[in-house]
Amino acid sequence: MFLALNGAGNNSVISFGDTKLGSGFITGKEGEYQDEVTFETTSLLHSVEKIYLANNEIKITSKVNLPVRTTTPNDIDYEKLNKIYHGILSVDELGNFNVDNDEKLSTFLGYLNDIYAGNPYSYSSELSRKSMGMFRDIVVENIFRPETNKWMIYGGLTHVDGGTKDTYYGKGYYTYDIGSSDMDADTKITGAYMLGEYGVSETLTSGVVIGGNKLKSDLSNGSKVDGDALYLGAYAKKYIGNLKVTAGAGFQYGDYDADRLGAGRGITETRNYSSNYNDTTYDIYLNGRYSHNIGNNLFLEPYGALSYTYIDQDGADEGSKALAIETDSKSFDYTSAKVGVDLKKVIPHEKGKSTLSAGVSYTRILDGADEEHITGRLKGGSDFDILVAHKNEHSLGLNAKYTLELENGILFDVKGSYAVERDSHNGTGKSKTKGEWIVGLGYKF
């Protein structure tokens, strides 16, 4: 016998009036084995419990954990999703869900997985990290040089088009199961910058950079995060023979608006949530590039860089809607190394010179690529983990650049890059790519 709850929630007491529940009514609390149970609810997330000394009343109780079976593989579990389930129980919101068969249970797991692995609040830190790296590269890779006691003013447009993917694996033992849930994020960063560099001496220059970016990640589950980043940086370049050493620091302020879609999928009401929050990012870096003339205005230029990035993200608050969440603040720090080599050809002409270069680079996140979580909860409920967007430790880049420097002081360059990343999250050979371009125009005076 199955009892339709019809809105009855946790700890609800149901009376059968004059009808007495005899020994033939065995609930999950009483039956030693599942096949002995003769009286249960239609909900897979609730159980029936007889009330002691009352032979005509029962109590509806929520299941302590997500339903599991003894055949569950040991290497795959729903620990993170179970904590979110506990969070829903802690604020007595399970009544918002209608889960009465295995297919709807799978849908419910997908709902929990959207909170865990497809949460927009976990993607903004990666946007900030990539934005900071873009401004750092602008400084380091700028080959133009002001004359002593003179200024060079330079500016341009930037764009990065890329993505990230997280995979959270299901158990695969339900009739309908989430199996493996891939969460894709389509990322775009577009902005502009202005650089001012002064020639302190024949071997030393210093400069400042200001810039701004529009940041966006669209998640495959319908959620998204949009932001604006304002950057301010300072740097110095020292020329020692054929070696150029660049050291600098940057500060970035990010303002984000996140929209989270709580898709109902037939088990609950579809709800849209939003929150505004900020982050601050700090960056220091050191770069060295050596230019070796291999003949006829052809140069081989190996280089290496080391950077440290720290991000401090504020908490988010979705307000007072049913099943709304809030998150704690979270800090992230990354240490990265980059090495590469460019082949550069200088082409003199009547009124200046052009430079063509192409090369490869390898970037490794030395520290900070490990799986991280943001702490979240339903309002007033117990804590659970929200998976932070994954970062691949290894990246191989293909780079090309063209520059033009005229005798009248006009400067121009355009750069494009294409990166292939090994999916270090699950150790497979899958790769991801992104395109990046930067176009700049400047003047020396």
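**Cavities, a helix and positive phi values**

Six cavities of 30 Å³ or more are found in a search of the whole structure; a cavity is a set of points on a 1 Å grid over the protein atoms alone where a 1.4 Å probe fits but cannot get out. The second largest cavity has a volume of about 210 Å³, a volume being the space filled by probe spheres set on the points, which are joined across faces, edges and corners. This cavity is lined by 18 residues, of which Glu141, Arg289, Asp342, Ser357 and Lys401 are the closest to its centre; lining residues have an atom within 4 Å of a point. The lining comprises four nonpolar, six polar and eight charged residues, where Asp, Glu, Lys and Arg count as charged, Ala, Val, Leu, Ile, Met, Phe, Trp, Tyr, Cys and Pro as nonpolar, and the others as polar.

The model is predicted; local features need pLDDT of at least 70, side-chain atom pairs count only at pLDDT 80 or more, and totals for chains, interfaces and linings use all residues. Residues are numbered from 1 along each chain as its sequence is written, and side-chain values use heavy atoms, without hydrogens and water.

Helix α1 covers residues 79-90; helices are DSSP runs of H or I with at least four residues, and strands are runs of E with at least two, numbered from the N terminus. Among the buried residues of α1 are Leu81, Ile84 and Ile88. Just after α1, Asp92 has a positive phi of about 55 degrees.

Leu323, in the loop between β13 and β14 (325-327), has a positive phi near 65 degrees. Leu323 counts as buried because its relative accessibility is 5%; buried means under 20% relative accessible area, exposed over 50% and partly exposed in between, with a 1.4 Å probe and protein chains only.

How values were computed
The expected span of a helix is 1.5 Å times one less than its number of residues. On a 1 Å grid over the protein atoms alone, a cavity is a set of points where a 1.4 Å probe fits but cannot get out, and a pocket is an open set with protein on both sides within 12 Å along at least five of seven lines; lining residues have an atom within 4 Å of a point.
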